[in-house]
Amino acid sequence: MITTVYVPQDAAALSVGAERVARAIAAEAERRGTPIRLVRNGTRGLLWLEPLVEVATPNGRHAYGPVTARDVPSLFEAGFLQGASHPLHHGLTEEIPFLKNQQRLTFARVGVIDPTSLTDYLAHDGYAGLRRALEMQPTEIVKTVLDSGLRGRGGAAFPTGIKWQTVLDQAAPQKYIACNADEGDSGTFADRMLMEGDPFMLIEGMTIAGLAVGATRGFIYLRAEYPHAHKTLEAAIATAYREGYLGRDILGSGKTFDLEVRLGAGAYICGEETSMLESLEGKRGEVRVRPPLPAIKGLFGQPTVVNNVISLASVPVILQHGAEFYQSFGVGKSRGTIPLQLAGNIKRGGLYERAFGLTLRELLYDFGGGSASGRPIRAVQVGGPLGAYIPASQFDTPLDYEALSAIGALLGHGGVVAFDDTVDMAKMARYAMEFCAAESCGKCTPCRIGSTRGVELLDRIIANVERDKNLQLVQELCETMVHGSLCGLGGMTPFPVQSALKHFPEDFMRTAQ
Amino acid sequence: MNTTPARPETLDARTREQIDLALSQYQSQPGPLLQVLHAVQNRIGYIPDAAIPIIASALNLSRADVHGVVTFYHYFRRQPPGRHIVRVCQAESCKAMRADELTEHAKAKLRIDFHQTTADGAFTLEPVYCLGNCACSPAVMIDEELYGRVTPERFDELIEEKSAK
């Protein structure tokens, strides 16, 4: 009996040495004359344990991590191929509390299967959703997604079903599905992890979206910073074409869906949907004035569904198990599950998929284990560079769209970045403006000019130059940006700035050095 | 607007051939400019100014259109880079794990600032805003390889490894 050993090839695992570990395991097995089957899976998302090596045994998969190449001989010596004890042993992977206490719907297969193996995908319920969809009328598919309560996971949280209905209602010679995989928010990596760990799920979700609205062509707009995801997606798409899951006559249904990946080029603004469409058309990623909505006039002027990776990847499960199943997770108007990504100064950083409703404190301490430095967590930024900074006094807020909105924050794409008490919030506020100035597309004045003036004002405040006057001025500037910007970049950059000023005023009052 | 005419830089035959190959690969696709620019940069390492009129003419665009796109995106380069491109993440999650110190260290180690290339042509240093490796902050990317939990010591090791190659 040949033992299967899993070593992730997710970019995060590779970034901490998974490739060397995989090579060391293969070499050591050969040296000992013990044949093994080495599978390169995605990551389980318990990123503080990466490189996490798993061994398949009759009673389940055993986990060892974080493994370095130097640990490999001792793992063999201890008998890790039989799931034996070792200082790096964590027992059965599925029993690790941080994994066991998750509710994985969208990430159920990520870290489990070989991402580019269609056989693995099919053996783990893959394409069950598409098969259901092929038996349904487009209106039924749209209704299922609507009833599930799924809201856009990219950050705007717009009901996915309503968007699909709008596109379905349009009569047009060509409609498109555009997947936003320009995951630029700091603290987020769910899209990347999914594309690298279970690319067929995204392909399946996009194919279902195409059937639902009558679109025969799809694009994945992928950021250039994700070369690993690019390779995995290209491999999976090629396989899907070869096996009849993409192209003409999908699974003998007579339906067509073509899919290709297009690369961005390092512009954060292209995560904004209209800017992304411009970029997909090969232009400068400048924001479009809405209306018309992309659902009516989108890519190349045609009705287009623009959805985030996680929104589209949630669709197969909804189709497979029904709207009620998905709807049964979550709280209030936040239905289903959300992959929360915990990063920054945190002991156990990773991806935790849970039904909406977990509090920030539970995420930071029960899952995250507190700060990596061991110092108190002073602030967290939720929802990327445009998200508010939240102080410790508000850590009991549940992580759902409405609860965060009530405290002037936002969930966004589900990224949570922790900072310990060494953080200088005046510096972080300045950085928010600096980032906006670097990434502004330049189309509207509040964003283009406002962000640069914002950096200057914060510099003066920090240097104690006419501080009171400039503090008032920066507040006014923030108001102007919020109300006068064309899109969320200029319109939301004030959130981190204002929240830092509100919750951490002492950082702006230091005596200049 | 200050418009600079394309410099009368000449392209050698090989470079010209690479541009033509990039064009023929994507020309027939809808909205192909970004793909063509990626292909040119992958083949040549950067986008020479003299390539702009060639691309514009082939895609039936104005030179201003192409110039506008090349300069809009951070990823496209107009000068040849060093043999290795080192990107140090500047975003919030990495900042929470001392990325600012790592950045200062990287600049001192390579003795260059951002957007510059070392005198021996080995390394170009670039800032990057998130590599999606936030749970393993701070992150660095060298060429297409990603590194996490990068300490100044680890950074030096990586630079030594790449220098040796």
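A: Helices here are DSSP runs of H or I with at least four residues, numbered from the N terminus. The model is a predicted one. Helix H7 of chain A spans residues 138–148, and both A:Lys143 and A:Asp147 lie in it. They are four residues apart, about one turn of the helix.

Q: What makes the pair A:Lys143 and A:Asp147 a salt bridge?
A: The test is a side-chain nitrogen of Lys or Arg within 4 Å of a carboxyl oxygen of Asp or Glu. The N to O distance between these side chains is 2.7 Å. That meets the cut-off, so the pair counts as a salt bridge.

Q: Why is A:Lys143 called partly exposed?
A: Its relative accessible area is 48%. Buried is under 20% and exposed is over 50%, with partly exposed in between. A:Lys143 therefore falls in the middle class. A:Asp147, at 35%, is also partly exposed.

Q: What about A:Glu225 and A:Arg223: buried or exposed?
A: Both are buried. Their side chains meet in a salt bridge, at 3.6 Å from N to O. Over all chains, the structure holds 47 salt bridges.

Q: Which residues are linked with A:Asp507 in a network of salt bridges?
A: The network links A:Arg378, A:Asp424, A:Glu506, A:Asp507 and A:Arg510. A:Asp507 sits in the segment after helix H21 (494–503) of chain A. Its relative accessibility is 5%, under 20%, so it is buried.

Q: What makes A:Asp507 and A:Arg510 a polar contact?
A: The cut-off is a pair of N or O atoms within 3.5 Å. The contact between these side chains is 3.4 Å. A polar atom of the A:Asp507 side chain also lies 2.8 Å from the backbone nitrogen of A:Met425. Beyond neighbours within four places in sequence, A:Asp507 is in contact with A:Arg378, A:Val423, A:Asp424, A:Met425 and A:Ala426.

Q: Why is chain A called as compact as a globular protein of its length?
A: Chain A has 21 helices and 16 strands. Its radius of gyration is 24 Å, close to the 24 Å that the globule rule gives for 513 residues, so the description holds. Its C-alpha atoms fill a box of roughly 75 × 60 × 40 Å along the principal axes. Buried residues make up 62% of the chain. Among contacts in chain A with a separation of 6 or more, 71% join residues 24 or more positions apart.

Q: How many residues of chain B are in contact with chain A?
A: 39 residues of chain B are in contact with 63 of chain A. The two chains bury about 3800 Å² between them, 58% of it on carbon and sulfur atoms. B:Phe72, B:Glu92 and B:Tyr129 supply 18% of the area that chain B buries, more than any other three residues.

Q: How do you know that A:Lys427 and B:Asp100 form a salt bridge?
A: Their N to O distance is 3.8 Å. That is within 4 Å, so the pair counts. There are three salt bridges between chain B and chain A. Polar contacts there number 25 residue pairs, both residues at pLDDT 80 or more. Helices H2 (33–44), H4 (63–72) and H5 (92–95) and strand S5 (145–147) of chain B each supply at least two residues of the side that touches chain A. By class, that side has 21 nonpolar, twelve polar and six charged residues.

Note on methods:
Residues numbered from 1 in each chain as written. Chains lettered and ligands numbered in written order. Predicted model: local features only at pLDDT ≥ 70, side-chain atom pairs only at ≥ 80, totals over all residues. Heavy atoms only, no water. Contact = heavy atoms within 4.5 Å. Buried area = accessible area lost by both parts, 1.4 Å probe. Polar contact = N/O pair within 3.5 Å; in protein donor to acceptor, adjacent residues only side chain to side chain. Nonpolar A, V, L, I, M, F, W, Y, C, P; charged D, E, K, R; others polar. Rg over C-alpha atoms; globule rule 2.2 N^0.38 Å. Buried < 20%, exposed > 50% of the residue type's maximum accessible area, 1.4 Å probe, protein only.
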